[in-house]
Amino acid sequence: MYEIQTSKYEPKNFFAGDFPTLTESGTAGAKLAEHTPVAKGADGKIIAVTAETAADVVGITAAEAEAEEPVVYYMTGEFFEEALSLPEGVTVEDIKEPLRKVSIFLRTLG
């Protein structure tokens, strides 16, 4: 008749240090997952990076956003690379150096 519902919460370590974070906002050009590296599209909207736009990365999303909705992204900070939502075809190595140029530093959990 009645069931006890159980759930499991597994926290995700995202912030890797005390480096100051700075955020910016824009309009999502497509649906974006939380903690996705992003770039600005030709129309100025925020889109997930691709292998071709990895050098133009501007930040990492703070939360998910639907297309045409406001999106907040980190422009500076220190984050764990394992916590990133990498788009298909993009590796940490593709974005690690370009992110350093905008004061975003990726660390490993180990």
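**Buried and exposed side chains, and their pairs**

Colleague: Is Glu78 buried or exposed?
Modeller: This is a predicted model, in which local features need pLDDT of at least 70 and side-chain atom pairs 80 or more, while totals use all residues. Residues are numbered from 1 along each chain, and side-chain values use heavy atoms without hydrogens or water. With a relative accessible area of 15%, where under 20% is buried, over 50% exposed and in between partly exposed (1.4 Å probe, protein chains only), Glu78 counts as buried.

Colleague: Which residue forms a salt bridge with Glu78?
Modeller: The whole structure holds four salt bridges, each with a Lys or Arg side-chain nitrogen within 4 Å of an Asp or Glu carboxyl oxygen. For Glu78, the closest N and O atoms of the pair are 2.8 Å apart, and the partner is partly exposed at 38% relative accessible area. That partner is Arg107.

Colleague: How far apart are the closest N and O atoms of Glu66 and Lys31?
Modeller: Glu66 is partly exposed, with a relative accessible area of 35%, whereas Lys31 is exposed, with 57%. The two form a salt bridge, and the closest N and O atoms lie apart by 3.6 Å.

Colleague: How many aromatic pairs are there, and which residues join Phe14 in a cluster?
Modeller: There are seven aromatic pairs, with ring centres of Phe, Tyr or Trp (six-membered ring) within 6.5 Å and planes stacked under 30 degrees, edge-to-face over 60 and otherwise tilted. Phe14 and Tyr74, both buried, have centres 5.9 Å apart and planes at 45°, so their pair is tilted. Phe15 and Phe79 are also tilted, because their planes stand at 50° with centres 5.6 Å apart; Phe15 is partly exposed at 45%, and Phe79 is buried at 0%. Ring pairs join Phe14 in a cluster with Phe15, Tyr74 and Phe79.
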